[in-house]
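Please look through the sequence and the model shown here before reading the notes. The notes are grouped by topic.

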Amino acid sequence: MKIFSKEQIYEGDRLTIKKQNISSADLMERAGISLFNWLDARLQGAPVPILVFCGIGNNGGNGLVLARHLITHGYNVKTFIVDFSDKRSQDFLINYERLKGTTKDWPISIHDGDDLPLISDQDIIVDAIFGVGLNRPISNWVVNLFKHFKASKALTVSVDIPSGLFTDRVPKHEDAVVFSSLILSFQTPKLAFFLPETSKYVDQWEALDIGIDTQYLQDTETEAHILGKLDVLPMYKQRGKFSHKGEFGHALIIGGSYGKIGAVQLASRAVLASGAGLVTAFTPKCGYIPLQAAFPEAMVITDLDEEKITNIDFNIKPTSIGIGVGLGTDEKTLDAFETFLKSNTVPLVIDADGLNSLSKNNKLLKYLKEDSILTPHPKELERLIGAWEDDFDKLKKTKAFAKKYKVLVLIKGANSIAVYQDKLYINSTGNPGLATAGSGDVLTGVITGLLAQGYTALEATCFGMYLHGKSADIAIEFKGYQSLIASDVISYLGQAYLDLFELAEKPSAAPKQEPKSKNEK
Ligand SMILES: NC(=O)C1=CN([C@@H]2O[C@H](COP(=O)(O)OP(=O)(O)OC[C@H]3O[C@@H](n4cnc5c(N)ncnc54)[C@H](O)[C@@H]3O)[C@@H](O)[C@H]2O)[C@H](O)CC1
Ligand SMILES: [K+]
């Protein structure tokens, strides 16, 4: 699913109005009705108090349309105008008058210095104060209103985007953003829903279709995509009836050091579980017995050194290589890594100490084969590209890095993001159970395994991170968040594959999290 930028959203609105020969107030009506329909289908007329807080722009206008339809359908509604400016938008004004013509309960204006309205835990807050038009810091008294929302613990439904969240930068203060229980976002989710520094304001989101011109939605290239099942399904390579293991590639996992052979085992097992035909592990000598004993499906080649890799020399012809898991950064290993990089021509995944070796000696970056895949977690990324100002800046810097060295960078996190050329691919699967030892080694194995099977670097990364997260999502149903271990992610990979062919749904949620207790925000 595409994620449109703020400029693209405005352009989509403009074009839709023109092509469908409607007024902007008509489009606002449609957006407001889509909000109403969504809520009405869930509330089914329940008399729960709904407090609709409207700003003075078009986001506020959306709130006014919603309030009007809720009122005419008999809901218990109070409407407030958060009067932070006298520059009311035209469509806001049209809908302000329409609401006043519908009910005797006219909207109550809230100004700087006014008492804040009473909100109880059982109320529903509709946050239609700021939309994507937010372009500067918010006044203190409005921030106090946001704090008041948060303190109330009422369910908070944000229209389009949580008020206070920018589309292109991280807000300076946490209090200056509404914490949403649910965002009803028009047409497309916003990038901010998925970044570590801004996704904390987002619990759940839904994209509501408001009838933006289909051609425009189809033809417009976006910088970011959120990868759901429908996005990865076309990447899946079917197996023919007469296929044999030679057709599914031979992956080589290079890594391990004394005490860290498990990482190689996890990655190698994940290679096979992802569907690769053969896997060989290259480790120091100390890896030989544990790997052969615990993992009979793997072949093992060892270094001459007992405890660390000192010379990467093998006489097989792998179709993909994953390097770095458990590798360590001993001087001799670094030398071996350098020699390997200089001569390697095989599609490559670099993880963990492979990445740290690159950061220690960034002259090596120029030896990376085009389309190599780097899979850093944020700390490893920082060592590679330097510090960033905020998450948006991090993406900008990562893009520049990926373009400069012609590589793909997978930034691991609650929503892992693959950065390739000018694009961002955001994973929608996975859960906090994955915050456990070895889950990165498994991801490296899955991606290396897919590369071995002939998936392109972009496909292997997108499909790999999706399957890895999906496997964990299925696994926690049985294991729970706390008990999930990396081996489980391998065990459930098969289920993740099978799930691809279950009824496809759209990506449903922001980073999955444990259900919050009622009083926690
Ligand atoms: N065409 C439509 O009817 C549709 C509208 N949609 C909704 O519109 C918003 C975007 O609306 P916009 O009027 O551009 O901006 P906002 O309502 O988000 O912002 C309000 C207004 O306030 C000004 N402003 C910005 N920051 C501040 C600040 N810190 N303090 C004071 N004032 C500020 C800014 O200049 C704006 O004019 C979008 O999110 C949708 O909800 C839909 O797109 C559907 C079609
Ligand atoms: K909002």
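What follows is a briefing on domains, sheets and helix packing.

This is a predicted model, in which local features need pLDDT of at least 70, side-chain atom pairs count only at pLDDT 80 or more, and totals for chains, interfaces and linings use all residues. Residues are numbered from 1 along each chain as its sequence is written, and chains are lettered from A and ligands numbered from 1 in the order in which they are written. The chain is assigned two parts, domain 1 (2-222) and domain 2 (232-237 + 247-499). Helices (H or I, at least four residues) and strands (E, at least two) are DSSP runs, numbered from the N terminus.

**Domains**

- The domain bounds come from an automatic or database domain assignment.
- Between the C-alpha centres of domain 1 and domain 2 there are 41 Å.
- Domain 1 puts 9 residues into the contact and domain 2 puts in 7 residues, where contact means that the C-beta atoms of two residues, placed from the backbone, lie within 7 Å.
- On the side of domain 1 that touches domain 2 there are 4 nonpolar, 2 polar and 3 charged residues. In this classing, Ala, Val, Leu, Ile, Met, Phe, Trp, Tyr, Cys and Pro count as nonpolar, Asp, Glu, Lys and Arg as charged, and the others, Gly among them, as polar.

- Two strands pair if DSSP finds at least two bridges between them.
- Axes are lines fitted to C-alpha atoms, for helices over the stretch in contact, and angles run from 0 to 180 degrees between N-to-C directions.
- Strand 7 (residues 180-186) is joined to strand 8 by 6 bridges in the parallel sense, with Ser180 opposite Val202 in strand 8.

- Strand 15 (residues 373-374) and strand 16 (residues 408-411) run parallel and are joined by 2 bridges; Ile373 stands opposite Leu408 in strand 16.

**Helix pairs**

- Helix 3 and helix 4 (residues 90-100) pack at about 20 degrees with their axes 8 Å apart, so helix 3 is roughly parallel to helix 4. Angles under 35 degrees count as roughly parallel, over 145 as roughly antiparallel, 65 to 115 as roughly perpendicular and the rest as oblique.
- Residues of helix 3 including Leu64, Val65 and Arg68 meet residues of helix 4 including Phe92, Tyr96 and Leu99. By class, this contact of helix 3 with helix 4 has 6 nonpolar, 4 polar and 3 charged residues.
- Helix 11 (residues 352-360) and helix 12 pack at an angle of about 25 degrees, with axes 8 Å apart, and are therefore roughly parallel to each other.
- In that pair, Leu355, Asn356, Leu358 and Ser359 of helix 11 meet Glu380, Arg383 and Leu384 of helix 12.
- Helix 12 (residues 378-385) packs against helix 13 (residues 391-405) at about 60 degrees, their axes 11 Å apart, and the two are therefore oblique to each other.
- Leu381, Leu384 and Ile385 of helix 12 make the contact with Lys397, Thr398 and Phe401 of helix 13. By class, there are 4 nonpolar, 1 polar and 1 charged residues in the contact of helix 12 with helix 13.
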